[in-house]
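Open your viewer and get ready to select a few spots by residue number. We will visit some backbone details and then walk across a sheet.

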Amino acid sequence: MLLDARSQRDPKADPDGPDKTMLGPTQLEWLEDRLLDSDRFALTVIVSSVPWIAVQEDGADHWAGYAYERGQIADFIAANNIDNILMVTGDAHLVAADDGTNTDYSAAGNAAFPLLHAAALDRPGSVKGGPFSEGMFPGGGQFGLIEVTDTGSDEITVHLSGMTWESEALVEYSFSVPAPGASS
């Protein structure tokens with residue numbers, strides 16, 4: 001699911017209030033509907049063009065500046081026991097990975113998911129957001145890679161890598177999810 005994190009923004013609303021939105025009400029409803037339907041799949045990938053992981057910061061041009069809505073999404077994930085999410089983010093010139101340690105912004109504390117921050121192909125390095133459990137590596141000439149391995153067993157393995165243009169892995173993280181139809 002590719003989020004449009006730009007066209008519906010309303011950054012002028014109360015920074016801590018429900019009216020400040022990055023997605024807008026229509027896209028937020030669409031996201032929630034897709035998440036409710038995600039149990040049909042082994043893995044649900046959410047792509048956000050801006051960083052998810054960061055300490056709340058008024059005026060930030062990423063999810064830290066829209067902490068109320070980020071919390072609302074996380075609370076929805078927690079309330080519906082959605083546990084098959086991978087998020088891929090961008091707009092900070094670095095590669096990074098998180099095992100879910102730093103992605104949970106729910107009040108209940110059970111909405112964690114792995115995350116890959118997928119780099120700057122041709123821009124100088126910069127740091128925006130974090131921390132990331134597996135580390136962060138600012139720099140240009142980098143990209144993210146997601147490898148999904150399905151051998152027909154009860155599990156599907158997902159391997160995340162943050163790579164240099166010379167194919168050197170700077171950060172890696174792997175996890176498994178139950179295959180569709182596998183007993184949990």
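This is a predicted model: local features need pLDDT of at least 70, side-chain atom pairs count only at pLDDT 80 or more; totals for chains, interfaces and linings use all residues.

**Stop one: Asn81.** Select Asn81: is this residue buried or exposed? Asn81 counts as exposed, because its relative accessibility is 59%. To place Asn81, look in the loop between α2 (67-79) and β2 (85-89). Now check the backbone: phi of Asn81 is positive, about 50°, although the residue is not a glycine. For context, most residues other than glycine have a negative phi.

**Stop two: Asp91.** Move along to the loop between β2 and β3 (94-98), where Asp91 lies. Asp91 is another non-glycine residue with a positive phi, here near 75°. With 29% relative accessibility, Asp91 counts as partly exposed.

**Stop three: Gly130 and Pro131.** Select both residues and display the peptide bond that joins them: this bond is cis, with omega about 10°. Most peptide bonds are trans. Pro131 sits in the loop that runs between β4 (115-118) and β5 (136-138).

**Stop four: the sheet.** Next, colour β6, β7 and β8, which form an open sheet of three strands in that order, with antiparallel pairing. Each of β6 (142-150) and β8 (169-178) has a single partner strand and stands at an edge, so one side of each has no neighbour in the sheet. On average, neighbouring strands here are turned by 15° against each other, direction ignored.

Zoom in on β6 and β7 (residues 155-164): how many bridges link this antiparallel pair? Nine bridges do. To finish, select Leu145 and look across to Ser161 in β7, which stands opposite.

Methods: Residues are numbered from 1 along each chain as its sequence is written. Side-chain values use heavy atoms; hydrogens and water are left out. Helices (H or I, at least four residues) and strands (E, at least two) are DSSP runs, numbered from the N terminus. Buried means under 20% relative accessible area, exposed over 50%, partly exposed in between (1.4 Å probe, protein chains only). Two strands pair if DSSP finds at least two bridges between them. Axes are lines fitted to C-alpha atoms, for helices over the stretch in contact, and angles run from 0 to 180 degrees between N-to-C directions.
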